[in-house]
Amino acid sequence: MYPRVACISQVRSLKLEQEVEKNRILSEALQTLATEHHQLEQSVVKGSSLPRGALSEDEFHDAVSGESAGYRNARRGVRRSRDLRSCDRLTGCRTTSLPAPMFSRNDFSIWSILRNCIGMELSKITMPVIFNEPLSFLQRLTEYMEHVHLVHRANGCSDSIERMKCVAAFAVSAVASQWERTGKPFNPLLGETYELVREDLGFRLLSEQVSHHPPVSAFHAEGLERDFVFHGSIYPKLKFWGKSVEAEPRGVITLELPRYNEAYTWTNPTCCVHNIIVGQLWIEQYGNVEVVNHRTGERCCLNFKPCGLFGKELHKVEGYILDKSKKKLCALYGKWTECLYAVEPAAFEAHNRTSDRKRSGRAGSEDQEEVPSPAGDTVEMVPGSRLLWRIAPRPANSTEMYSFTSFAMQLNELRVEMEGALPHTDCRRRPDIRAMENGDIDLAGEEKKRLEDKQRAGRKNRCRLDEEWETRWFQQGQNPHTSTQDWIFSSGYWDRKYSQLPDIY
């Protein structure tokens with residue numbers, strides 16, 4: 001018996017060694033491919049006939065482990081581009097440009113950082129600042145409010161189905177700003193906050209980083225006329241899968257319309273960034289999103305379609321509004337990067353059948369594309385459709401400004417009248433984000449490392465004293481509509497009495 005067990009153990013050990021060796025060979029092959037691709041890109045960008053040497057892994061070991069050649073090149077690029085700054089960046093009270101344009105990422109290779117991270121959660125990995133955009137994740141969450149006019153429109157609808165159409169369009173529009181945004185927002189520090197008051201758009205919002213492990217961001221927005229409440233807590237789980245990074249936005253989003261005693265809840269789709277190692281970066285959203293009206297039982301089931309083999313489904317969103325007996329009342333379709341339409345279910349299904357027959361006649365005549373072409377990114381309108389939402393056009397300088405929308409460019413502005421009102425935990429005061437926005441990449445990296453070290457030191461000190469972190473503006477509780485754990489706004493923030501706030505910067 002014992003020799004048999006020993007034999008089985010040896011066989012398993014041999015198989016394990018073979019698998020480890022296969023993994024090593026594949027990893028080295030992929031690294032070679034990534035390096036050659038990076039060198040080829042550099043030779044094209046710099047007009048050189050000979051690719052320069054590969055960057056060493058040590059240059060990307062931490063956020064700042066000394067000034068690498070890549071950092072120096074990025075800094076020089078920013079200094080050269082400072083002449084591109086607009087002399088007058090304000091139109092009225094709103095900025096139309098960042099202080100400095102985005103630096104080039106052509107000198108950096110992400111492979112040396114991510115090669116050992118396949119299948120891991122990226123929130124636990126220190127990433128260099130050059131892969132960031134100059135916004136905190138708390139500010140990214142605020143971009144849900146860019147199309148808040150849809151919520152105001154819902155409040156003006158007397159019919160619950162018309163309200164559901166507006167709320168569903170709002171849910172789709174909430175992810176629209178992520179289109180072409182391949183930069184990573186800064187991870188919020190524990191206790192970090194962000195407020196935004198937009199009288200022109202009729203809302204005010206507060207968010208707070210309420211947990212670090214796991215990272216949880218809570219937010220609460222309300223209409224200035226007390227016509228709606230929008231709140232939630234998001235736990236973005238990031239994973240690297242070899243060629244892509246996937247962000248699963250765990251957490252329930254709730255919209256309340258007091259006028260109708262209604263509450264709607266949903267969860268955002270999964271976001272995926274493709275071609276992390278080789279090729280052009282591109283983004284897709286996919287998965288099912290169910291918007292539920294908890295008073296009427298009506299729901300809108302939306303399918304954010306994955307790209308598909310030939311990229312023909314890229315960005316597409318389709319679904320139905322159902323009554324509580326699951327009868328189809330309305331069809332919705334469009335693209336989360338462009339627009340959303342509503343139409344009768346019968347007309348939508350008849351149009352789809354006709355389109356399927358046309359596509360089957362052309363089958364086999366298309367070649368697979370590595371990156372789906374944006375040239376075909378338009379929505380074919382079904383006769384009888386009504387437009388619910390269309391994305392706001394991006395400013396002409398968006399590509400120089402991290403692909404920000406006009407709304408995103410305004411999120412970090414710190415006007416004189418704000419100085420005395422904002423608490424010192426607001427991420428407008430965060431030095432690493434401010435340094436990156438101003439084009440000082442070296443300082444941004446140094447400050448990012450300093451803040452992360454300070455956060456770790458604070459956590460160790462609390463463990464030593466056996467103290468628990470106490471949130472300031474949100475308390476953990478039960479979502480009254482879903483009965484799941486959530487973070488509830490505890491009020492008091494807008495009284496502007498900021499005492500006993502943590503020193504996080």
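I looked up E467 to begin with, and found this residue in the loop between α10 (441-464) and β19 (474-478), where helices (H or I, at least four residues) and strands (E, at least two) are DSSP runs numbered from the N terminus. The model is a predicted one, in which local features need pLDDT of at least 70, side-chain atom pairs count only at pLDDT 80 or more, and totals for chains, interfaces and linings use all residues. Residues are numbered from 1 along each chain as its sequence is written, and side-chain values use heavy atoms, with hydrogens and water left out.

The areas come from the Shrake-Rupley method with a 1.4 Å probe, and for residues only the protein chains shown count as cover. D466, E467, E468 and E470 gather in a patch of negative charge on the surface. Patches of this kind are made of residues with over 30% relative accessible area and no salt bridge, like charges being joined within 9 Å (nonpolar side chains, namely Val, Leu, Ile, Met, Phe, Trp and Tyr, within 5 Å). Asp and Glu count as negative and Lys and Arg as positive, while His and the chain ends are not counted; each charge is placed at NZ of Lys, CZ of Arg, CG of Asp or CD of Glu.

**Backbone.** Most residues other than glycine have a negative phi, and most peptide bonds are trans. I therefore recorded R226, whose phi is near 55° and whose relative accessibility of 68% makes it exposed, in the loop between β7 and β8 (229-240). I also recorded S491, with phi near 65°, in the segment after β20 (485-489); its relative accessibility is 47%, so S491 counts as partly exposed. A cis peptide bond, with omega about 0°, joins H213 and P214, and P214 is placed in the loop between β6 (203-211) and β7 (216-223).

**Salt bridges.** I searched the whole structure and found 29 salt bridges, each being a side-chain nitrogen of Lys or Arg within 4 Å of a carboxyl oxygen of Asp or Glu. In the pair R163 and E262, the closest N and O atoms are 2.7 Å apart. This pair links distant parts of the chain, with R163 in helix α6 and E262 in strand β11 (residues 262-266), 99 residues apart. R163 is buried at 2%, and E262 is buried at 3%. I also followed a network of salt bridges that links E133, R140, E143 and R181; within it, R140 and E143 have their closest N and O atoms 4.0 Å apart, and E143 is buried with a relative accessible area of 1%.

**Contacts.** I asked what S177 touches, taking contact as heavy atoms within 4.5 Å: leaving aside neighbours within four places in sequence, S177 is in contact with E143, E146, R394 and T405. S177 is found in the loop between α6 (160-173) and β4 (184-186) and is buried at 5%. R434, in helix α9 (residues 431-437), touches N412, L414 and R428, not counting residues up to four places away in sequence. R434 and E447 are 13 residues apart in sequence and 9.9 Å apart in space, C-alpha to C-alpha.

Note on methods. Buried means under 20% relative accessible area, exposed over 50%, partly exposed in between (1.4 Å probe, protein chains only).
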